[in-house]
Amino acid sequence: MRDYYHIKINLPGGIASPGYLKDILSAAWNANVRKVRFGSRQQLLMTVHYEDMRFLESDFKKLGIFYEINTDRRPNMVSSYCGEEVFRTGQWLNASEYHSVLDSFDFVPGLKINISDSNQSFTPFFTGNLNFISSPEPHFWYLYVRLKQTNTVFKWDGLIYTNEIGRLSKVVEECMLDEGLNEENALKAAVADRISYVFLPSQQELELPSFSLPYYEGFNRYESRTWLGLYRRDEEFSIEFLLDVCALCLKTRVGEICSTPWKSLVIKGIEDHYREAWSNILGKHNINVRHAANELAWQTEDHNADGAELKNELIRYFSKNDTRTFGLCFGIQTRPKSEVFGSVLIRKRPLLRIGQLPLFSVYDLYYTENFNPNSRAQVVFERGLFKIHLPAQLERLCRRFNNQRSRDTLKTMLSEPDEAKTAVKMAKTVHQCPDCLTIYDPEYGDMLGDIPPGTAFEDLPAGYCCPTCDSGKAVFLAVELTRSSNLEPA
């Protein structure tokens, strides 16, 4: 028999009323639960001793609370509502629109559903099976479908009207789960036979925004009010603290508490004259709200101490070496088929097993195309790393990202030559290491590597490595060096 059970409670869209959350937490407290967590799909998680489970189930039944034990057959709906207003985008999407979408669901989905503002990068776009993303047309949404057990995403025909999202989702789910349709054309045909709904033709393709994770912790000002972001290093929130948060929300007319995909909380609409009361609660429970930005940009799997421990080790390494991680986010995957969100992905891979028990594991490093975590294309950086080598290789990957960003910025800054001048250009092609920017110039060769002058890059041995950082020949990039001589017109 299990000593403990893992309990999951969905908070649709990551939104909970303080009264509803207070009821859940009070029932958990009566079952001797003292800490809870928030998952990567914005759900509430807790671990309950088997002897106390009967008390929790009894209270949940009285309260009418839907929960799952040791399973996730009904995944929580993810939404970007947690960032609405506080990370303003200026589009038509607002609080009432989010609530209209959520209210259109009269069933508990069995598919993963994401509701996203197309102008934000705080929450993921494509980690669901049905991914609704706001379009330029007010009240209409793109739909991107990811079939079960695949990484393939396809675009649905037409833009879906806000009030039709729940009804369409239900029919798509019936076709995918009940009838087992797992092919694009067959799925579209089956849905068209069953339902007619309001839509518009799609006039343009979705453009992914460049990724930038806003600093989402602490007290922050917006318009005439304040929002508070709460993050815990161990991803655990004490129930005593959360009960005080709920009570203060009810007292100060804050109607919603939002969970985020980063396993944190956002509380919006704090009025200025209540700011001191919120500070007092943080002080009472010794809650710190100014963690370093590079500590906030990580996502690990739910109910996974191994991933959380690795995250903390890597953060300590980055802090010790003062590594720049701005513009990146990191995901740690220790279980097959689990999903995490990140522009850099760390995957633990068993190398030796005894039955089903991993005996020895290595780590593979990937990054997404253009380092955008919403991209579905993943690029291998290093495979088969021992754990001891992982921090240094991650730091090397961070340097590659920063160097790439510097090169892209430089390209946009370069202006065209003055039209009043005639430029005489002399160009040659060299190859540059993307990690440390060392250049191999065939004119000079590589004295340290015993490569004589005049050796073309293509003629270098297959095992040639960068003399500065040991990156392999395969990752070098062709770069054109240009020297210009500008002649004034006569």
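The expected span of a helix is 1.5 Å times one less than its number of residues. Helices (H or I, at least four residues) and strands (E, at least two) are DSSP runs numbered from the N terminus. The structure is a predicted model, in which local features need pLDDT of at least 70 and side-chain atom pairs count only at pLDDT 80 or more, while totals for chains, interfaces and linings use all residues. Residues are numbered from 1 along each chain as its sequence is written, and side-chain values use heavy atoms, with hydrogens and water left out.

**Helix 1**

- Helix 1 covers residues 18–30; its 13 residues should span 18 Å at 1.5 Å a residue, and the end C-alpha atoms agree because they are 18 Å apart.
- Pro18, Leu21, Ile24, Leu25, Ala27 and Ala28 are the buried residues of this helix, where buried means under 20% relative accessible area, exposed over 50% and partly exposed in between (1.4 Å probe, protein chains only).
- An α-helix has 3.6 residues a turn, so residues three or four places apart point the same way.
- Asn32 follows helix 1 and has a positive phi, near 65 degrees.

- The whole structure contains 28 salt bridges, each defined as a side-chain nitrogen of Lys or Arg within 4 Å of a carboxyl oxygen of Asp or Glu.
- One of them joins Arg37 to Glu236, with the closest N and O atoms 3.8 Å apart.
- This pair links distant parts of the chain, 199 residues apart: Arg37 belongs to strand 3 (residues 35–38), and Glu236 to the loop between strand 14 (225–230) and strand 15 (237–238).
- Arg37 is buried at 13% relative accessibility, whereas Glu236 is partly exposed at 27%.
- Arg225 and Glu271 also form a salt bridge, at 3.7 Å from N to O.
- Here the partners are 46 residues apart, with Arg225 in strand 14 and Glu271 in the loop between strand 17 (265–270) and helix 7 (275–284).
- Arg225 is partly exposed at 36% relative accessibility, whereas Glu271 is buried at 17%.

- Asp302 and Lys263 meet through their side chains in a salt bridge of 3.4 Å, N to O.
- Asp302 lies in the loop between strand 18 (298–300) and helix 9 (305–320), and Lys263 in the loop between strand 16 (257–259) and strand 17, so the pair ties together parts that are 39 residues apart in sequence.
- Both Asp302 and Lys263 are buried.
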